[in-house]
Each structure stands twice: as C-alpha cells, then as structure tokens.
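Subject: Structure for you to look at

Hello,

Here is the structure I said I would pass on. Please open it first and keep it beside you while you read the notes below.

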Amino acid sequence: MQHRGFLLLSLLALLALTSAVAKKKDKVKKDSPGIECAEEWAWGPCTPSSKDCGVGFREGSCGAQTQRIRCRIPCNWKKEFGADCKYKFENWGACDGGTGTKVRQGTLKKARYNAQCQETIRVTKPCTPKTKAKAKAKKGKGKD
C-alpha cells in the first residue's frame, strides 16, 4: 500500500514539474520575439492588412535578422500620433467661439515598440451646440 502511495505521489510531482516547464517556455515565447539576438529589436509601425485599422503586421529587425509579428490597430485610434503612442489626456477645454472647437493636451504615458512619439500633443474636436444639449435635457425631464 505504501509503495502505491509513493508511486502516485511521484507521478503527481512529475506532472507538476512538466507543467511548470511548459508554462515557462510559453512565457519566454510571449516575452521575446522568438529569435534570440545580441542586440535590441527595432520594430516598425503596425500596418493593417486592409483599410486603416484592424489586424495587420509589424516588421522588426535585429542585426541581420528580420521578423514579422501580428498586431492590431484599434479602429478608433488617432492617426496623428499613431497607435503605438499612448497618452494621458487632460479634460477638454472651453469652447472657442472663434474656431468652434475644443482643445485638450496629452502627455506621453507609454511608447510601444520603440515608437518615435511626441512628449506632448494637442488635439481638437468640434464644439457641441448648446441648443441640442438643452433640448435633450428638456425631453428627458418631461418623460419622468
């Protein structure tokens, strides 16, 4: 009986060990581009396969080696500063009556794949007419 227990315990330990090694190999594959290189990989921009957003490919090089990996560009990305530059934005400013636009500033939070990003950017959007907002508020109050 003790012999069976020992065999069962040994079998479980072997399974746990092989599982841990497999997980470690998966993590290495995810963290690195798959090909070892003495230098740092330089990655180009994500180029969508069709249209201007969705699934595409990014090419990278390290010394004489090149590699393509899958990437994805969200369809609501801001083309002026690219999908690889992540910014933290302030709140929208007041509406400028002269231009009819609002402005806000973003500070670089993260540059993915060694992208060349501006430290700060300014984005604009058209002001929403206040007459529509007031009309919607009146309709909402009348329903309650």
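Predicted model: local features only at pLDDT ≥ 70, side-chain atom pairs only at ≥ 80, totals over all residues.

**Arginine 58**

Arginine 58 belongs to strand S3, which covers residues 54-62. Is arginine 58 buried or exposed? Its relative accessible area is 2%, and buried means under 20%, so arginine 58 counts as buried. Leaving aside neighbours within four places in sequence, arginine 58 is in contact with Trp43, Gly44, Pro45, Cys46, Gln67, Arg68, Ile69, Cys71, Asp84 and Tyr113. Two residues in that list, Cys46 and Cys71, come back below, as they form a disulfide with each other.

**The chain as a whole**

The protein chain has two helices and seven strands. Along the sequence they follow the pattern α-β-β-β-β-β-β-β-α. The chain has 144 residues, and 17% of them count as buried. The chain exposes about 12,000 Å², and carbon and sulfur atoms supply 55% of that area. Taking contacts between residues at least 6 apart in sequence, 37% join residues at least 24 apart.

**Strands S3 and S4**

Strand S3 pairs with strand S4, residues 65-73. The two run antiparallel and are joined by nine bridges. One place to look is glycine 54, which stands opposite isoleucine 73 in S4. S3 and S4 form a hairpin with two residues between them. In the turn, glycine 63 has a positive phi of about 65°.

Three strands make an open sheet in the order S5-S6-S7, with antiparallel pairing. From one strand to the next, the twist averages 45°.

S5 is joined to strand S6, residues 101-111, by five bridges, and these two strands run antiparallel. Within this pairing, cysteine 85 has alanine 111 in S6 as its bridge partner.

**The disulfides**

How many disulfides does the structure hold? There are three.

Cysteine 46 and cysteine 71 form one of them, with their sulfur atoms 1.9 Å apart. This pair links distant parts of the chain: cysteine 46 is in the loop between strand S1 (42-43) and strand S2 (47-48), cysteine 71 is in strand S4, and the two are 25 residues apart. The link is right-handed, with 90° about the S-S bond. Both cysteine 46 and cysteine 71 are buried. Arginine 58 is in contact with both of these cysteines.

Another disulfide joins cysteine 85 to cysteine 117, with an S to S distance of 2.0 Å. Cysteine 85 lies in strand S5 and cysteine 117 in the loop between S6 and S7, so the pair ties together parts that are 32 residues apart in sequence. This link is left-handed, with -85° about the S-S bond. Cysteine 85 is buried, with a relative accessible area of 7%. Cysteine 117 is buried too, at 19%.

Cysteine 95 and cysteine 127 also form a disulfide, their sulfur atoms 2.0 Å apart. Cysteine 95 lies in the loop between S5 and S6, and cysteine 127 in the loop between S7 and helix H2 (130-143), so this pair ties together parts that are 32 residues apart in sequence. The torsion about the S-S bond is about 110°, so this disulfide is right-handed.

Regards

Note on methods: Residues numbered from 1 in each chain as written. Heavy atoms only, no water. Helix = DSSP H or I, 4+ residues; strand = E, 2+ residues; numbered from the N terminus. Buried < 20%, exposed > 50% of the residue type's maximum accessible area, 1.4 Å probe, protein only. Contact = heavy atoms within 4.5 Å. Pairing = 2+ DSSP bridges. Axes fitted to C-alpha atoms, helices over the stretch in contact; angles between N-to-C directions. Areas by Shrake-Rupley, 256 points an atom, 1.4 Å probe, with all protein chains shown as cover. Disulfide = S-S within 2.5 Å.
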